[in-house]
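This briefing sets out computed features of one protein chain. The sequence and model are displayed first, followed by notes grouped by topic.

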Amino acid sequence: MTAATEISAEPTTNTGSTVAISAEDRAARLASAGQAWNERIAASPKNAQLVFSAKGSAQGSVSSVIKAGKHTFTVDEPSPLAGDDAAPNPVEYALGALISCQIVVYRLYAHNLGLTIENLEVSAEGDIDVQGLFGADDTVRPGLSAVRVNVDITGPDSDEAYQELQKTVDAHCPVFDIFTNPTPIDVTVTKTN
């Protein structure tokens, strides 16, 4: 995918802070971003191709330090899974990725559809049978067997409008798509001396 735009920057430590903005500022940012992407894509569909990347290194017992773009974060496991519980585990980050992507796409499509979201909270939980992870039963998937997402929206529009919004969001959310559709993965292992 050489024609794709790579999304990256030099790693720095992320404090996890966010900036509070007004609804008007958010609407302006969403409109501006939508217009800019529509212009890029109209100029050439190749402009829609992005490449995201991350890099990790093993630390501690089973933890990892991940660098993604200009951000650095730690991933660990709880002590029953041999970790130090110094950070969320990979599955919790995956659920967090789903939640955060849903929030972005809810805001984007609410804006596009002229709906108002006064408050938006999303939660997710997933089920894993560790028999697959530890090889106790090879017929059990090592990954999630089920995920439940709960979206709480407060706003003045009709229940039907928010139900339609949910269908639109699920049809366009990249991480929802990752969870619901197989994605080809190419793995290369290189031994270095």
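Helix 2 (residues 90-113) has 24 residues and reaches 34 Å from its first C-alpha to its last, close to the 34 Å expected at 1.5 Å a residue, where the expected span is 1.5 Å times one less than the number of residues. Helices (H or I, at least four residues) and strands (E, at least two) are DSSP runs, numbered from the N terminus. This is a predicted model, in which local features need pLDDT of at least 70, side-chain atom pairs count only at pLDDT 80 or more, and totals for chains, interfaces and linings use all residues. Residues are numbered from 1 along each chain as its sequence is written, and side-chain values use heavy atoms, with hydrogens and water left out.

**Helix 2**
- Leu95, Leu98, Ile99, Cys101, Gln102, Val105, Tyr106, Tyr109 and Ala110 are buried in helix 2; buried means under 20% relative accessible area, exposed over 50%, and partly exposed in between (1.4 Å probe, protein chains only).
- The cover over these buried residues includes strand 7 (119-127), strand 8 (146-154), helix 4 (159-172) and helix 5 (174-180).
- At the helix start, a side-chain oxygen of Asn89 comes within 3.0 Å of the backbone nitrogen of Val91.

**Phe134**
- Phe134 is located in the loop between helix 3 (130-133) and strand 8.
- Phe134 counts as exposed because its relative accessibility is 56%.

**Whole chain**
- The chain comprises five helices and eight strands.
- Of its 193 residues, 17% are buried.
- The C-alpha atoms fill a box of roughly 55 × 40 × 35 Å along the principal axes.

Notes. Contact = heavy atoms within 4.5 Å. Polar contact = N/O pair within 3.5 Å; in protein donor to acceptor, adjacent residues only side chain to side chain.
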